[in-house]
Amino acid sequence: MKKAAVIGLGDISKIHIPIIESSPDMVLCAVCDSNPEAKKAAPSGTAFYTDYHEMVEKERPDCVHVCLPHYLHYPVTKELVEMGCSVFCEKPVALNTEEAERFVRLEEAHPEVRITICLQNRLNESVELLKKLIEGGEYGQVVGTRGIVPWYRPAEYYRVKPWRGSWITAGGGCMINQSVHTLDLLYYLGGNMKGLKASVSQILDYGIEVEDTVTARLDYANGAKGLFFATNANYKNEAVQIAVQLERAEFRIEENILYQILPGGEKKYLTEDRKYPGTRFYYGASHEKLIRRFYQVLEEDKGDYIRVKDAEMSIRLIDAILESGRSGAYVTIS
């Protein structure tokens, strides 16, 4: 039995902690938050710390879940790795491409530990089946993709946690916070991209620095075209929509259900995702799958998981979209 700890007792930790507590491979040995008041939300009987260095020194966890604001993901993970801990780090992998590259080098320099990034939507049932259908080759290669994220965030969302609205602490707005999973899937399902042109804007009067609405035209290396749209200015949170057009078939994920679109326009049901209960349904239910898979890797010292290098492209795409939005020019993706 290995030991896990959690740093950061904000919203996302409420997803991680119950999964850890129910895991047959891990025991939750400690939690940490710099705010002493967070102890009230800590699981009963679990050691609480306000300093994660002290926590690691005393508890010696095998794996630490980093559930902190974006700007702390890389520096805290770096310290944990140098202290000998494997790390389960929430998305995004970094604030920008430069930091993502440093993160990849950190991973390469420390093969003695494991680092995974929480891009859990790759493990959604709909995505897993669609990936299999694409790679199977029966329907030909990808010729087009579409990803739409029609969400809503009130001004209070940024007032409560001001770091969310700042470039230096969040790294961006609706892309890096709300739609990084969708960008990752457009790359994961569609393949390598060669460039894009984008429009980046604020259409909400919230007084924040970061973007709230984005549209991008994507060019894939194989000649396929893609469309990406994300906003926090919808009137409510609606389900993410992903479409993939192959040479001989079209597939769509709508309301977390994968359909094949038949020649007459009818939808053929293929599979659907497990949903996270409650109002935060949009988190999906694949945190559990990803956490358990990572724990199995730690236990058996083998197996597949989402590495830092797998997550780097999501940040490259965000930076390219922001650059195109600022300059109005086409941006090549290296």
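Helix α2 passes helix α3 in a right-handed crossing. The model described here is predicted. Helix α2 covers residues 52-59 and helix α3 covers residues 73-82; their axes come within 11 Å and cross at roughly 25°. Because angles under 35 degrees count as roughly parallel, α2 is roughly parallel to α3. The residues that meet are Y52, H53 and V56 on the α2 side and V76, E79 and L80 on the α3 side. Sorted by class, this contact of α2 with α3 consists of 4 nonpolar residues, 1 polar residue and 1 charged residue.

The side chain of S22 makes a polar contact with the side chain of R292, at 2.9 Å. S22 can also be compared in position with E288: the two are 266 residues apart in sequence, while their C-alpha atoms are 9.9 Å apart in space.

H181 has a relative accessible area of 12%. Buried means under 20% relative accessible area, and H181 is therefore buried. When its neighbours within four places in sequence are left aside, H181 is in contact with K91, C118, L119, Q120 and N121.

Methods:
Residues are numbered from 1 along each chain as its sequence is written. This is a predicted model: local features need pLDDT of at least 70, side-chain atom pairs count only at pLDDT 80 or more; totals for chains, interfaces and linings use all residues. Side-chain values use heavy atoms; hydrogens and water are left out. Axes are lines fitted to C-alpha atoms, for helices over the stretch in contact, and angles run from 0 to 180 degrees between N-to-C directions. Helices (H or I, at least four residues) and strands (E, at least two) are DSSP runs, numbered from the N terminus. Angles under 35 degrees count as roughly parallel, over 145 as roughly antiparallel, 65 to 115 as roughly perpendicular and the rest as oblique. A crossing is left-handed if the near helix is turned anticlockwise from the far one by less than a right angle, and right-handed if clockwise. Contact means heavy atoms within 4.5 Å. Ala, Val, Leu, Ile, Met, Phe, Trp, Tyr, Cys and Pro count as nonpolar, Asp, Glu, Lys and Arg as charged, and the others, Gly among them, as polar. A polar contact is a pair of N or O atoms within 3.5 Å; within protein, one must be able to donate a hydrogen and the other to accept it, and residues adjacent in sequence count only if both atoms are side-chain atoms. Buried means under 20% relative accessible area, exposed over 50%, partly exposed in between (1.4 Å probe, protein chains only).
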